[in-house]
Amino acid sequence: MKEKQILQIEHLEKSYDGHPSVLRDINFSMEKGEVVVVLGPSGCGKSTFLRCINLLEPVSGGRIYLNGQDILSGQKESSRIRQEIGMVFQNYELFPHMTILENVMLAPLLVQKRDRKQTVEEAGELLARVGLSEKQTSYPRQLSGGQKQRAAIVRALMMRPKVLLLDEITAALDPEMVREVLQVVLELARDGMTMLIVTHEMEFARAVADRVIFMDKGAIVEEQKPEDFFSCPKTDRAKRFLNMFHYEALG
């Protein structure tokens with residue numbers, strides 16, 4: 001594993017009984033501070049890929065290394081690994097009976113046993129950063145979809161992860177709410193947060209990515225710099241995928 005690499009995946013496989021492989025021989029690595037966007041058609045394995053990295057799905061074969069440590073070799077430590085590999089889902093998953101401040105503080109206090117006073121201060125700073133200072137005592141039902149997703153991002157950041165996984169975080173949002181969430185992610189990228197992002201927002205992908213990987217039928221079929229991928233994709237499958245979005249924009 002190269003010195004700068006924070007995440008390395010070797011020959012990752014995922015299959016379910018009686019079904020073809022969902023992930024097929026995935027080989028992938030990323031460096032600290034890098035932002036990689038995962039693109040591909042629905043059902044190609046993008047979300048499963050992220051869930052395997054976060055140990056939310058058992059893998060069928062291969063190795064996943066975080067800072068040189070094989071995280072599959074001791075899955076009894078999966079709770080600790082999930083603290084180091086944060087994940088934000090498309091449906092927020094906030095506790096409805098807790099305020100926003102209580103939601104984002106829960107895991108640091110309960111799992112990491114952090115000092116309460118310092119945790120309150122850190123939560124307040126992060127909520128202010130994403131424009132939610134005035135929503136700390138509000139409940140999720142009182143927030144818009146964009147506000148709930150920004151709170152979910154703060155909840156993940158509160159665990160101080162080494163890598164942040166973002167799985168279609170704008171998919172459940174109305175179009176006018178998408179921009180406010182993507183702006184938060186762009187700012188995290190500028191600050192050097194290591195992120196692996198699944199999205200269908202093509203312009204966002206072009207703006208935020210250091211590298212794009214394109215998946216189809218459970219495999220990585222193309223990997224390029226964003227300016228090269230969007231202007232001159234190598235594979236016919238990627239060309240058809242991008243043409244679909246071009247058609248939607250024209251139509």
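Analyst: On a 1 Å grid over the protein atoms alone, a pocket is an open set of points with protein on both sides within 12 Å along at least five of seven lines, while a cavity is a set where a 1.4 Å probe fits but cannot get out; lining residues have an atom within 4 Å of a point. The model is predicted: local features need pLDDT of at least 70, side-chain atom pairs count only at pLDDT 80 or more, and totals for chains, interfaces and linings use all residues. Residues are numbered from 1 along each chain as its sequence is written, and side-chain values use heavy atoms, without hydrogens and water.

User: What is the volume of the largest pocket?

Analyst: Grid points are joined across faces, edges and corners, and a volume is the space filled by probe spheres set on the points. The largest pocket is lined by 20 residues, and Arg 82, Met 87, Ala 107, Arg 155 and Met 159 lie nearest its centre. Its volume is about 530 Å³.

User: Which element gives the most to the lining of the largest pocket?

Analyst: Helices (H or I, at least four residues) and strands (E, at least two) are DSSP runs, numbered from the N terminus. Helix H2 (78-84), strand S6 (85-88), helix H3 (100-110) and helix H5 (145-157) each supply at least two residues of this lining. With 4 residues, the most is given by H3.

User: How many residues in the lining of the largest pocket are nonpolar?

Analyst: Ala, Val, Leu, Ile, Met, Phe, Trp, Tyr, Cys and Pro count as nonpolar, Asp, Glu, Lys and Arg as charged, and the others, Gly among them, as polar. The lining of the largest pocket has 5 polar and 3 charged residues. Its nonpolar residues number 12.

User: Are the axes of H3 and H5 roughly parallel or oblique?

Analyst: Axes are lines fitted to C-alpha atoms, for helices over the stretch in contact, and angles run from 0 to 180 degrees between N-to-C directions. The axes of H3 and H5 come within 8 Å and cross at roughly 25°. Angles under 35 degrees count as roughly parallel, over 145 as roughly antiparallel, 65 to 115 as roughly perpendicular and the rest as oblique. H3 and H5 are therefore roughly parallel.

User: Which residues of H5 meet H3?

Analyst: Contact means heavy atoms within 4.5 Å. On the H3 side, Ile 100, Asn 103 and Val 104 take part. The residues of this contact divide into 4 nonpolar, 1 polar and 1 charged. On the H5 side are Ala 151, Val 154 and Arg 155.

User: How does H3 lie to helix H4, and which word describes the angle?

Analyst: H3 and helix H4 (residues 116-129) pack with their axes 10 Å apart, at an angle of about 130°. This angle makes H3, relative to H4, oblique.

User: Which element has the largest share of the lining of the second largest pocket?

Analyst: About 180 Å³ of space lies in this pocket. Its lining includes Val 178, Leu 182, Glu 201 and Phe 204, and H6 (175-190) and H7 (202-208) each supply at least two residues. The largest share, 5 residues, comes from H6.

User: How much space lies in the largest cavity?

Analyst: A search of the whole structure finds 1 cavity of 30 Å³ or more. The largest cavity is lined by Leu 126, Arg 129, Val 130, Leu 157, Val 184, Glu 187 and Leu 188, with 3 residues coming from H6. The space in the largest cavity is about 40 Å³.
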